[in-house]
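Please read this briefing alongside the sequence and the coordinates. It is arranged by topic, with the overall picture ahead of the local detail.

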Amino acid sequence: MDTYLLPAAMCELPPPWRDLTYRRSQALEALALTEERREQARQVLRACLPDRRQSVHDWDEELRDFYDDRDDHTLDEADAWLTRIMPTTSQVTRERVAQVVRAWADMGIPTVPEPPTEQWVDRVAVEWAASVRQALAYDAFAFIERATTAGLPNDGESEDAALLAAAFVRVGMAVEAAVRLLVSLGRPRGEQTLRELVHDDQVRDFRPYVRSRLLGLRRSVYEDRAREVTRDEEPLLPEGLQRLPHSWQNDFDWGTTAPDSQSLAQARSALEACLTVECVPDDAQMCSDASADRSAIAEVVRALMPYPRLVTRERMNEAWRECQSLGFELEGIDAACFAKVWCKKMADRVTAGVFRWLADLPQGGGSAGDKEPAVLSATASWTAELAERCARRGSAVEEAIWFLHRTDDVPDSREALARLAFDPSLPATTRNAAQE
């Protein structure tokens, strides 16, 4: 007796949902977004939802690179056998999978044993069944998302759709489509569900993706806050940084700023101010072990405080609370420590931006009567000194040393490089960079 691989509810789906061929997507495109059809899509999701976490991947993943290099369509033909033998959900059975596997063996697919073993048939059966669930769920979520974008679902439908989307994320199936639907639901329903998911241990390796989409939904809130005036708020950065007009959104890039006496004085003031920003212990440098998490935390801080003048105690506290609500692991990092960490990171980014700008300025002598080289030569002593101090402090080391190399025709820069290159108290990476 043949064994059905899908639950009865999936085998009994109405058209076009039962169709496993390319015709399903064409039919769904033409399907009206009526209330009955929307309920049908949610019913598809309920039928497809597995009772435990799934690992969904294709049977041919290990062969794709091999065949793609040959520009060979063998795997496409092999895939076509699945829906040729099982064109509807009611026909997804183990015996039919065995027929497909035998066809693959006849085609000479290298990983298929000849004759096919029972274990290999079972493996393909499990993967095909999971793939069918996921494909149908993707289409159902996309259908509901279209309806949501059109503003059709009522509150009850939206609540039901959000619960289903969360359930699929927890079992690791059709995650991207489920999260896209939650984003389309917007605030407050979609946002609330995404917040719950980033705190849910079942979400596991999908957490960074869920959080990134939640951040996208929250970005307008951060931007509104950044437009508010810092009235009666406590500034956290030195005055020399508060006056800086360049934005963190542009990595504090000075762009085409002309190297006149005013801009050079501002650069010096910014560098000196950065050197006064409190350093933090190494164990407090990172609020999370994952680089993706550090980048996302930076996104929150940067969006709330894009300019140094907006870096205040109150906004740093907001950023700390926001990161906690987003599910970041901030163990041992209180609001005060969080503020110190990110003030230092901002100072380091400003320092890097200043030295990039200085290094790109014309170096050496100019034509007679050209005032620019005279202005630049007047900066030689303080720029080399500040670059050395920053490198020793571990602040924008790469940019500071690159600037010294760019200006190594100046004695002060050469001497600074020599001191950095042979100081045993400095990290090897700093010494090596100075020596190159």
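This is a predicted model: local features need pLDDT of at least 70, side-chain atom pairs count only at pLDDT 80 or more; totals for chains, interfaces and linings use all residues.

Residues are numbered from 1 along each chain as its sequence is written, and side-chain values use heavy atoms, with hydrogens and water left out. The secondary structure of the protein chain amounts to 21 helices and 0 strands, where helices (H or I, at least four residues) and strands (E, at least two) are DSSP runs numbered from the N terminus.

**Chain as a whole**

- Of the 436 residues in the protein chain, 47% count as buried; buried means under 20% relative accessible area, exposed means over 50%, and partly exposed lies in between, with a 1.4 Å probe and protein chains only.
- The chain exposes about 21,300 Å², of which carbon and sulfur atoms supply 48%; the areas come from the Shrake-Rupley method with a 1.4 Å probe, and for residues only the protein chains shown count as cover.
- Among contacts between residues at least 6 apart in sequence, 73% join residues at least 24 apart, a contact being heavy atoms within 4.5 Å.

**Helix packing**

- Two packed helices are described by the angle between their axes and the distance between the axes.
- Helix H8 (residues 155-170) packs with helix H10 (residues 189-198) at an angle of about 25 degrees, and their axes are 10 Å apart; axes are lines fitted to C-alpha atoms, for helices over the stretch in contact, and angles run from 0 to 180 degrees between N-to-C directions.
- H8 and H10 are therefore roughly parallel to each other, given that angles under 35 degrees count as roughly parallel, over 145 as roughly antiparallel, 65 to 115 as roughly perpendicular and the rest as oblique.
- By class, the residues of the H8 and H10 contact divide into 5 nonpolar, 2 polar and 3 charged, where Ala, Val, Leu, Ile, Met, Phe, Trp, Tyr, Cys and Pro count as nonpolar, Asp, Glu, Lys and Arg as charged, and the others, Gly among them, as polar.
- Helix H19 (residues 397-406) and helix H21 (residues 428-435) pack at about 20 degrees with their axes 9 Å apart, and the two are therefore roughly parallel to each other.
- H19 passes H21 in a right-handed crossing, with Val-397, Ile-401 and His-405 of H19 meeting Thr-430, Ala-433 and Ala-434 of H21; this contact has 4 nonpolar, 2 polar and no charged residues.

**Two buried helix residues**

- Leu-185 lies in helix H9 (residues 175-185) and, at 15% relative accessibility, counts as buried.
- Not counting residues up to four places away in sequence, Leu-185 touches Thr-148, Ser-158, Ala-162 and Gly-190, and its C-alpha is 8.1 Å from that of Glu-145, which is 40 residues away in sequence.
- Cys-274 lies in helix H13 (residues 261-274) and counts as buried at 3% relative accessibility.
- Leaving aside neighbours within four places in sequence, Cys-274 is in contact with Leu-241, Ala-347, Val-350, Thr-351 and Arg-393, while 7.2 Å separates its C-alpha from that of Asp-348, 74 residues apart along the chain.

**Backbone geometry**

- Most residues other than glycine have a negative phi, and most peptide bonds are trans.
- The peptide bond from Arg-187 to Pro-188 is cis, with omega near 5 degrees, and Pro-188 is placed in the loop between H9 and H10.
- Asp-232, although not a glycine, has a positive phi of about 60 degrees; this residue is in the loop between helix H11 (207-226) and helix H12 (239-242) and is exposed, with a relative accessible area of 76%.
- Asp-251, although not a glycine, has a positive phi of about 60 degrees; Asp-251 is in the loop between H12 and H13 and is partly exposed, with a relative accessible area of 25%.

Terms used. A crossing is left-handed if the near helix is turned anticlockwise from the far one by less than a right angle, and right-handed if clockwise.
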